[in-house]
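Q: I have a protein model to look at and would like to learn how to read its features one by one. Could we go through it together, with the general idea before each case?

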Amino acid sequence: MAEQAYTTDDPATRLELFDFAFDHAPIGIALVDLEGRILRGNAAFARLVGLPITKVIGTHFKDFTHPDDIDADMHQFQQVLQGRRDGYTIEKRYVQPLGDVVDVMIHVAAMRDAEGRVVRFISQIEDITRHKEHERQLAERAAQLELAMEAVRGGFWHMDIPSGKFETSDRLAQFIGGQTAARLDLERYVSRVNVNDGAQADLTPLISGELDQNVAEYRLDTIQGERWMRCDRRLLRDGDGRPLKIVGMAIDFTDERRRIEQLEETASTDALTGLLNRRGLVAEFTALQSADGFVVLALDLDGFKQVNDVHGHGVGDVVLCETARRIKGAVRSHDLVARTGGDEFVVVVAGSRAAGMAAAERILERMREPVLISGGSTHVRASIGGIWSAAKRDITALINEADALLYDAKASGKDAMQF
């Protein structure tokens, strides 16, 4: 039996479809007469005005419009009645019975009869309260940021990706070159970056759209000498998602960095990961007891430099903290775990050679799992050099011997252990 073709030519069918769409629309819809009174509304519209739909019917839209917005709405409403326009779009506010204010965007269109006379209006109403709140928050933050920038050393820069044009703000140019300095283009700005920090200042991952934001730390030559800058870079995209602009805020944090370095020199724990540092490791090892000897594992990460180069130091810090967590989880609570350098770690297992090898295997296995970062994941592996000593010898000497074996592990293909 042939299927019957579905058609909307039947007036009753069209009316049924209109009624269904009207009543179930996710945005507010209202029919309004020539005086501005509500003839019909759907449930979404009733929620916006905060009244049961039965109480909305027959009321004038002025009754629930914010007093400050009535004149602008009525002006355009009258222009449609006068034939000067077919409709209008306006932002305004509804005031609900309990005093709550709802920001809305209203699209009004005239409905005409066969002779072209306006017989009623149909309005579509979108709730933009959250959007307006975001706008207000952004304006407030912009004002706060402007005040904050007056109190910090540094400034902004921006780059238009399609044209490749890069320019610093006046404030940043003056921070670098003095009060009379002109704004810097990309070539002149990069020429001020310490040659050893070029990878950190690289914008390629943002330009390509691989990242939407990252934080870089690099040294910059300024009128006050070389200063450490922390630069928050963010990518802006066009409506189709293509990279459009990069904006950056570079702030001098030299004093903060020096304070951290001084604290790290005197502290016994690593500020980033919470593990022991080298000073703390030496002190803890002195008190460590074991009848079965001591295993020292020297470990560093394979692929960590690429993580920093591609994703920035912020993601690198995430990887280091996750590495610390995984190592701690692979050994016993009384074993010692220390971060002794950038991506270098030392583990001391109080026990036999077999216990140390088993711990090293667990660490390697855990480090093969991806590390979750904002927007995805990244991968690093570990290489380990290990040495067992029946007696408690100088910890520095044991670390040096384990380091030599670590280099052998990396030379043999990485993600491996030499014991």
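Q: Is Phe-64 buried or exposed?
A: The model is a predicted one, and the idea is to compare the relative accessible area of a residue with a cut-off, since buried means under 20%. Phe-64 has a relative accessibility of 4%, so Phe-64 counts as buried. Phe-45, at 1% relative accessibility, counts as buried for this reason too.

Q: How are the rings of Phe-45 and Phe-64 placed?
A: A pair of aromatic rings is described by the distance of the centres and the angle of the planes. The rings of Phe-45 and Phe-64 have their centres 5.9 Å apart, and because their planes stand at 75°, the pair is edge-to-face. The pair links distant parts of the chain, 19 residues apart, with Phe-45 in helix α2 (residues 43-49) and Phe-64 in the loop between α3 (53-56) and α4 (70-81). Ring pairs also bring in Tyr-94, which forms a cluster with Phe-45 and Phe-64.

Q: How many aromatic pairs does the structure hold, and how are the rings of Phe-18 and Phe-22 placed?
A: There are 10 aromatic pairs in the structure. In the pair of Phe-18 and Phe-22, the ring centres are 5.8 Å apart and the planes are at 45°, so this pair is tilted. An α-helix has 3.6 residues a turn, so residues three or four places apart point the same way. Phe-18 and Phe-22 both belong to helix α1 (residues 11-24) and lie four residues apart, about one turn of the helix. Phe-22 is buried, with a relative accessible area of 2%, whereas Phe-18 is partly exposed, with 34%.

Q: Which charged ends sit over the rings of Phe-253 and Trp-228?
A: Here one looks for the charged end of a side chain above a ring. The charged end of Arg-230 sits over the ring of Phe-253, 4.1 Å from its centre, and that of Arg-257 sits over the ring of Trp-228, 3.6 Å from its centre.

Q: Where do the buried residues of α14 fall when seen down its axis?
A: The buried residues of α14 are Gly-356, Ala-359, Ala-360, Ile-363, Leu-364 and Met-367. Seen down the axis, the buried residues of α14 fall within an arc of 140°, so they line one face of the helix. They pack against several elements, among them β11 (294-302) and α13 (313-330).

Q: What do the buried residues of α4 pack against?
A: The buried residues of α4, including Ile-70, Met-74 and Phe-77, pack against β1 (28-32), β3 (87-95), β4 (101-112) and β5 (118-127). Just after α4, Gly-83 takes a positive phi of about 80°.

Methods. Residues numbered from 1 in each chain as written. Predicted model: local features only at pLDDT ≥ 70, side-chain atom pairs only at ≥ 80, totals over all residues. Heavy atoms only, no water. Phe/Tyr/Trp six-rings, centres within 6.5 Å; stacked < 30°, edge-to-face > 60°. Helix = DSSP H or I, 4+ residues; strand = E, 2+ residues; numbered from the N terminus. Buried < 20%, exposed > 50% of the residue type's maximum accessible area, 1.4 Å probe, protein only. Lys NZ or Arg CZ within 6 Å of the ring centre and 35° of its normal. Arc of directions from axis to C-beta. Contact = heavy atoms within 4.5 Å.
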